[in-house]
Amino acid sequence: MIAAHLGALDDDELVRLYPRADAPWLRVNFVSSLDGAVAVNGLSTGLSGADDKRVFRLLRMLCDGLLVGAGTLRDERYRPLTLDPARRAWRGEHGLCAYPRLVVVSATLRLDPAAPALAGAPVRPLILTGPAADPAARRALSAVADLADVPDLATGLRLLHSLGLTQLLCEGGPVLLGSLGGEDLVDELCLTLSPLLAGPGSGRITAGRPHPPRAMTTAHVLTTDEGFLLTRHTRRKGTLPSP
């Protein structure tokens, strides 16, 4: 396991600590309080800090597709998935398109086509849904996004892989993480621990139906002057990307 101070690492060193895998890979990124809360006043923003946001931006730079649940997209008021010139340049130098693709998971399609994350996306988003989704919502959303019916998340991920989106980053929410864990699809968890006791009221980073525990290996722990701990954990079985 690697232990380091985040402030002592430049961006190239940080990229090596969060490598792209040589096979399809699902990375999950969350922030939590010390007592397990996933949000403060309903939003994750209250748990974050400058160092956490630095890694947040880096992980978006590294992925092919950003996977997010519809509830998180709405509640966190996602903006278009754009990157600054430096991150776009890095992607170009490494043979990647300028922007990752936004992938929204929504069984009901309770989404606003005018939402900035959809209507203002630099790459046409993809929405993974099911056959029971409202036909009127399908028609409205098809103006700004591609829609795909999938029976489960494993099928959805295989579809993404076939589209070249092999390096996936999931930013939640808890129900989506619980569902991904239930199908044993999580290869990596990047968890930031915020130096905060949030108190009762908020849920955990995962929710939904219980599933068997999944063994993980801690790859690194990064400390910060703000008191945050940024951790990276990978599944024990299969090929693991190494720094």
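Predicted model: local features only at pLDDT ≥ 70, side-chain atom pairs only at ≥ 80, totals over all residues.
## Gly 71 and helix H3

Let's start with Gly 71, which sits in helix H3 (residues 70–75); helices here are DSSP runs of H or I with at least four residues, strands are runs of E with at least two, and both are numbered from the N terminus. Gly 71 is partly exposed, at 26% relative accessible area. On this scale, buried means under 20%, exposed means over 50%, and partly exposed lies in between (1.4 Å probe, protein chains only).

Residues are numbered from 1 along each chain as its sequence is written, and side-chain values use heavy atoms, leaving out hydrogens and water.

## The chain as a whole

The chain holds 8 helices and 10 strands. Its radius of gyration is 17 Å, close to the 18 Å from the globule rule for 243 residues, so the chain is as compact as a globular protein of that length. That radius is taken over C-alpha atoms, and the rule is 2.2 Å times the number of residues to the power 0.38. Along the principal axes, the C-alpha atoms fill a box of roughly 50 × 45 × 35 Å.

Of the 243 residues, 47% count as buried. Among contacts (heavy atoms within 4.5 Å) with a separation of 6 or more, 71% join residues 24 or more positions apart.

## Helix H2

Helix H2 covers residues 50–62, and its 13 residues should span 18 Å at 1.5 Å a residue; the end C-alpha atoms are 19 Å apart, which agrees. The expected span is 1.5 Å times one less than the number of residues.

## Backbone details in the loops

Two residues other than glycine have positive phi. Asn 41 has phi of about 55°, lies in the loop between strand E2 (25–33) and H2, and counts as exposed at 79% relative accessibility. Asp 184, with phi near 55°, is found in the loop between H8 and strand E8 (188–194) and is partly exposed at 25%.

There is also a cis peptide bond to look at, from Gly 172 to Gly 173, with omega near 10°. Gly 173 belongs to the loop between strand E7 (167–170) and helix H8 (174–182).
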